[in-house]
Amino acid sequence: MGYINQVLPSLLEGLKMTLGVFVLTLVGSLPLGVIVAILQKSPLKILRWIIDTYITIMRGTPLLLQIVFVYYGLSLANLITLPRFEAAVFTFILNYAAYFAEIFRGGMQAVPAGQYAGAKVLGFSRLQTMWYITLPQVVKTVMPSVGNEVINLIKDTSLVYVIGLGDLMRAGNIAVSRDVTLIPYLLVGAMYLGLTIILTIAMRYIEKRLNYYR
């Protein structure tokens, strides 16, 4: 118990970094995913091609590699030098927005075409149709898939160690290397598991609330 009290402060400090990346990624990637999904339906072919290329790159390459590229690659190419935390959050937002965009696109395709025709007859603009008719249905439909990605995100935040950010996993690695014991890893695992359980309960509550209004 004494050892746990000794390493717990450093793990909690790492947990703050993990939660910071997680929250900012969600705040940035969810609305960006909606925008990207809408742009996929653009009548402009070149815009659709750009969006498809972006999604293919984000989904087709490892997130770890993307973090390294944004932090080290852009700096070596003399394009921009981002601080570690900003580089990690920026990369996570771009990566997860691509996955969310595909989820939202699938939800939009599930909306019956007749509803678009009905909105047009009622004189709704494209924006009004999207806001009042499409999005409320899409949110209900895609919530389970979004929940899965949210849970994946909390675990993926451990990848920020690659650019030296002091997240929960890195704090555990340092304690294990220093003290030659696996107890820090057990504590790290318990924290990730606790976060996953909390997120699962929260997402199921949201799904239940959305189902109430059906």
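Is arginine 105 buried, partly exposed or exposed, and what is its relative accessibility? Select arginine 105 to start: at 27% relative accessibility, this residue counts as partly exposed (buried means under 20% relative accessible area, exposed over 50%, partly exposed in between, with a 1.4 Å probe and protein chains only).

Before moving on, a word about the model: it is predicted, so local features need pLDDT of at least 70 and side-chain atom pairs count only at pLDDT 80 or more, while totals for chains, interfaces and linings use all residues. Residues are numbered from 1 along each chain as its sequence is written, and side-chain values use heavy atoms, with hydrogens and water left out.

Helices here are DSSP runs of H or I, at least four residues, numbered from the N terminus. Glutamate 102 counts as buried, at 17% relative accessibility.

Next, select arginine 59, whose side chain forms a salt bridge with glutamate 102 at 3.4 Å, N to O. This pair links distant parts of the chain, 43 residues apart: arginine 59 sits in helix 2 (residues 45-60) and glutamate 102 in helix 4 (residues 84-109). Arginine 59 is partly exposed, at 42%.

For the last stop, go to arginine 178 and aspartate 179, a salt bridge with its closest N and O atoms 3.0 Å apart. Looking back, shared partners join Arg59, Glu102 and Arg105 into one network of salt bridges.

Notes:
A salt bridge is a side-chain nitrogen of Lys or Arg within 4 Å of a carboxyl oxygen of Asp or Glu. Helices (H or I, at least four residues) and strands (E, at least two) are DSSP runs, numbered from the N terminus.
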